[in-house]
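Reader: I have a new model open and would like to learn how to read its features. Could you take me through them, starting with the charged pairs?

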Amino acid sequence: MSENPHSHYTEDERILVSLTHSPLDVSEVVSSVKSPKAGAIVFFAGTTRDNFEGKAVTHLEYTSYPPLALKTMVSIAQLVKKKYDLTAVSMIHRLGVVPVEEESILIAVSAPHRNAAWRAGEEALEVCKTKLEVWKLEEFEGDDEGVWRANRDEATGIQDISRKSE
């Protein structure tokens, strides 16, 4: 991950955040938070599902402004690490096209005890969903229009009329 220009890692804080156009590596993210001081690792993978509100989804496409998004990801990681006394935090978000069944976000946290890890993992995800400057375009089967959404559950989308077929 250190070769990625859109990543941030601090050895002393044990925080890794990254934005990438490559498929995500689950084992790499989990390994990045392992520690002999940690008795628990909590891992979350957000994947592209094949439907939304009864419409067949072909893929999602994510975009962001990486310098701002990375800064926000570091802030979120630092917040949960301090609040829950975590051993390590890793958050990776994929940009570009993410096909059905592939991961768009991976979050792993480790802590001395499971309760802190559970709560921190969920909070990291929820704060990412509300604050992270990442947007997604949902593409539907048989539809020339995609729908842009803030990367939040229940968020209202705006149809992208510039992509309509003529």
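Reader: How many salt bridges does the structure hold?

Author: The general idea comes first: a salt bridge is a side-chain nitrogen of Lys or Arg within 4 Å of a carboxyl oxygen of Asp or Glu. This structure holds three salt bridges. Please keep in mind that this is a predicted model, where local features need pLDDT of at least 70 and side-chain atom pairs count only at pLDDT 80 or more, while totals for chains, interfaces and linings use all residues. Residues are numbered from 1 along each chain as its sequence is written, and side-chain values use heavy atoms, with hydrogens and water left out.

Reader: Which residue forms a salt bridge with Lys83?

Author: The partner is Glu123, with 3.0 Å from N to O. Helices (H or I, at least four residues) and strands (E, at least two) are DSSP runs, numbered from the N terminus. Here Lys83 belongs to helix α2 (residues 66-83) and Glu123 to helix α3 (residues 114-131), so the pair links distant parts of the chain, 40 residues apart.

Reader: Is Glu123 buried or exposed?

Author: For such labels, buried means under 20% relative accessible area, exposed over 50%, and partly exposed in between (1.4 Å probe, protein chains only). Glu123 counts as buried because its relative accessibility is 17%, whereas Lys83, at 52%, counts as exposed.

Reader: What does Glu102 form with Arg94?

Author: Those two form a salt bridge, and their closest N and O atoms are 2.6 Å apart. Arg94 has 6% relative accessibility and therefore counts as buried; Glu102 has 28% and counts as partly exposed.

Reader: Where do Arg149 and Glu138 lie?

Author: Their side chains meet in a salt bridge (2.6 Å, N to O). Arg149 lies in strand β10 (residues 146-150) and Glu138 in strand β9 (residues 134-140), so the bridge ties together parts 11 residues apart in sequence. Both Arg149 and Glu138 are buried.
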